[in-house]
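Subject: Structure handover

Hello,

Here is the structure for you to look over. My notes on it follow below.

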Amino acid sequence: MTMSGGFVSLVGAGPGDPDLLTLRAVDRLRSADLVLHDGLVPAAVLALAGAAECVSVARRVGEKRLSQQDVCGLMVAAARMGQRVVRLKSGDPFVFGRGGEEVHALIEAGIPFEVVPGLSTAIAAPTLAGIPVTHRGVSSGLLVVSGHAPEAWAPLLGAIPPGAATVVVLMGKRTRGDIAAFLIERGWPAGTPAAVVVDASHETQQVWTGDLLALAGSLEIGGDDRPAVIVIGEVVTAAAMPHEVTAILAEEHTWQSMTIRQP
């Protein structure tokens, strides 16, 4: 796509590893004039933006927070000046990324835009830990909830029978004890397998595994400021061991190399 004049791209940065960006995401970063990025987007991804101005619009706890209206205003103002703007979000723009709100703001302002999907950490983090979020004979459904407050997760978790689906919780490291207690009170066995994946796709990635009862206890991985994804359900026991995952990936790369060399 050739773009001229002001334009906004809402881009998903995935879980953080630049190798997991889509080709379109990389192209938009390289051609951007301005990148408005989330606080969790790593420097290695921002480096792809080259000479673009990179501005953090983080709204994390403890930081000076911009309102959603402020962020939308920055996008609109820059686009009206003729800039190519990338609104760079961790994961996917439409999975707890408030991308829908930004799209509405751009439509109301008459700004041309596009949405470039990214790998949601809801799927990527368990996968990178070797955990299949669905598994034949174990789980045929997936429920993704935001863990930041009870009003976000309680209605949904309270609506499904115990063990009926894999539960993935984003932004729930601080509230994991409340979530675990809630599920146990509603009939989920205290021994239901659980996992926490911290810093998915980064060199600092750590994985904790246990059960619902232990989930509420002290987890000595990462700090409260590190992004974490919680997985609850029997699929955790179906996780591939790290060496098995490595072996599978090595076989795939070998097969791909052989295929490329075919006449």
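Two strands count as paired if DSSP finds at least two bridges between them. Keep that in mind for both sheets below. Please also note that this is a predicted model.

Overall picture

The protein chain has 263 residues, and 43% of them count as buried. It holds nine helices and ten strands. Take the contacts with a separation of 6 or more: residues 24 or more positions apart account for 68% of them. The chain exposes about 13600 Å². Carbon and sulfur atoms supply 56% of that area.

β6 and β7 are joined by five bridges and pair in the parallel sense. Across this pairing, V144 stands opposite V168 in β7.

Which residues of α5 are buried? The helix spans residues 121-128, and the buried ones are A122, A124, A125 and P126. Their cover includes β6 (142-146), β7 (166-170), β8 (193-198) and β10 (228-232). Just after the helix, G130 has a positive phi of about 80 degrees.

Is S120 buried or exposed? Its relative accessible area is 12%. The cut-off for buried is under 20%, so S120 counts as buried. Leaving out residues up to four places away in sequence, S120 touches G91, D92 and V95.

The parallel sheet

A further open sheet of five strands runs in the order β3-β2-β4-β1-β5. Its pairing is parallel. β3 (53-56) and β5 stand at the edges. Each has a single partner strand, so one side of each is left without a neighbour in the sheet. Neighbouring strands are turned by 20 degrees against each other on average, again with direction ignored.

β2 (residues 34-37) pairs with β3 in the parallel sense over four bridges. L36 stands opposite V55 in β3.

Which strands does helix α3 touch? Helix α3 (residues 68-80) packs on the sheet and touches β1 (7-12), β2 and β4 (84-89). The direction of α3 makes about 155 degrees with that of β4. Helix α4 (residues 99-109) lies across β1, β4 and β5. It runs at about 175 degrees to β1.

A49 lies in the loop between α2 (43-46) and β3. Its relative accessibility is 2%, so it counts as buried. Not counting residues up to four places away in sequence, A49 touches L29, V35 and C54. L34 is 15 residues from A49 along the chain, and their C-alpha atoms are separated by 8.6 Å.

The aromatic pair

How many aromatic pairs does a search of the whole structure find? It finds one. The rings belong to W153 and F182. Their centres are 5.2 Å apart and their planes stand at 80 degrees, so the pair is edge-to-face. The cut-off that applies here is over 60 degrees.

W153 lies in helix α6 (residues 150-157), and F182 in helix α7 (residues 176-185). The pair therefore ties together parts that are 29 residues apart in sequence. Both W153 and F182 are buried.

F182 also has a charged residue over its ring: R186 lies over the face, at 3.6 Å from the ring centre.

Where to look

If you open the model now, these are places to begin with:

- W153 and F182, for the edge-to-face pair.
- A49, for its contacts with L29, V35 and C54.

Best regards

Notes:
Residues numbered from 1 in each chain as written. Predicted model: local features only at pLDDT ≥ 70, side-chain atom pairs only at ≥ 80, totals over all residues. Heavy atoms only, no water. Helix = DSSP H or I, 4+ residues; strand = E, 2+ residues; numbered from the N terminus. Buried < 20%, exposed > 50% of the residue type's maximum accessible area, 1.4 Å probe, protein only. Contact = heavy atoms within 4.5 Å. Areas by Shrake-Rupley, 256 points an atom, 1.4 Å probe, with all protein chains shown as cover. Phe/Tyr/Trp six-rings, centres within 6.5 Å; stacked < 30°, edge-to-face > 60°. Lys NZ or Arg CZ within 6 Å of the ring centre and 35° of its normal. Axes fitted to C-alpha atoms, helices over the stretch in contact; angles between N-to-C directions.
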